[in-house]
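Trainee: I would like to learn how to read a few features of a protein model. Can we take them one at a time?

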Amino acid sequence: MRRTSEPDGASTELLRLFEGHRLTPTQRRIAHCLVRRAEEAPFLSSVELAELAGVSQPSVTRFAVALGFDGYPALRRRLRERAREAGEPADRRGNVYQRAVLAEIEQLRRLAAELSDPTRIEEAGRRLAASRPLPVLGLRAAAAEARGFAYFAAKVHPEVRLLDEGGSMLADRLDAAVAAGASALLCFVLPRYPREVAEALDAARAAGLRVVMVTDSALTPVAHSDDLLLTAPVSTALSFDTACAPTLLGRTVLEAMCDALPDAQARLDAFDTRAAARGLFLD
């Protein structure tokens, strides 16, 4: 939760700066802090950044060096140069609510551009289609995305298991899915990242599940190098993050899963027949 004006373009620029660098978990934490505070980033001292990220000041220095800079001052100069080159956001029209919608539209445009290569989405669809049962995990802020996916997926997949509550039962339900034959797990992860999600993912990987993750950033602290990571940024233009792009990304994964299930259309037709017979819907 954080109110900003329009940080999304600046966040994208920061992500490009970090691409191609192998960062330690601590350095990823610093990078994620900068992305989340993209508009403030060029003006933060190393001490301020360390405090915000919850790391030591020397860790900030090592982070800058890992990116190829002589130290943090050089990194901050680069951030300031990029901020000057970018200038003011082109669109400041309307009130705060209208600007929030425009920021979300821009996120969706970026997502559309990234989907020009559907290879990873199609691979995700095949993995999820082959998993019987299919566990779908999403806690706290991501619970709504997980529920929505599971609701529709259950109409075409023979067995979907929604995992949207934490606690000691979560590990038991994961174990049960693995014992029943699950081979993959779909996980939705959005800021702020619950500790329980990280623990559940560790348990899932240890049990042999292949993780497909829909999240907001490649810098998410819960991702693993073996995961099939699909990203779409949230918008921070309002007091609470909005996740239209991650939600739509989840629906594209659902579409790819339908394409990989040979009997998906037959299942949908059967559901429509039952729904009509029971009078489930008014239309």
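**Reading helices, strands and salt bridges**

Mentor: Helix H3 is followed by Gly-54, whose phi is positive, near 75 degrees. Helices (H or I, at least four residues) and strands (E, at least two) are DSSP runs, numbered from the N terminus. This is a predicted model, in which local features need pLDDT of at least 70 and side-chain atom pairs count only at pLDDT 80 or more, while totals for chains, interfaces and linings use all residues. Residues are numbered from 1 along each chain as its sequence is written, and side-chain values use heavy atoms, with hydrogens and water left out.

Trainee: Which residues of H3 are buried?

Mentor: Buried means under 20% relative accessible area, exposed over 50%, and partly exposed in between (1.4 Å probe, protein chains only). In H3, residues 46-53, the buried ones are Ser-46, Leu-49, Ala-50 and Ala-53. They lie on the same side of H3 because they cover an arc of only 100 degrees around the axis; the arc is that of the directions from the helix axis to the C-beta atoms. On the face turned away from that buried side, Val-47 and Glu-51 are exposed.

Trainee: Which strand do six bridges join to E3?

Mentor: Two strands pair if DSSP finds at least two bridges between them. Six bridges join E3 to strand E4, residues 210-215, and the two run parallel. Phe-188 stands opposite Val-214 in E4. Strand E1, residues 134-137, also pairs with E3 in the parallel sense, over two bridges, and Val-136 stands opposite Leu-186.

Trainee: How many salt bridges does a search of the whole structure find?

Mentor: Side chains of opposite charge can pair when their charged atoms come close. A salt bridge is a side-chain nitrogen of Lys or Arg within 4 Å of a carboxyl oxygen of Asp or Glu. The search finds 10. One of them joins Asp-227 and Arg-205 (2.7 Å, N to O). Asp-227 lies in the loop between E4 and strand E5 (228-231) and Arg-205 in helix H10, so the pair ties together parts that are 22 residues apart in sequence.

Trainee: Are Asp-227 and Arg-205 buried or exposed?

Mentor: Both Asp-227 and Arg-205 are buried.
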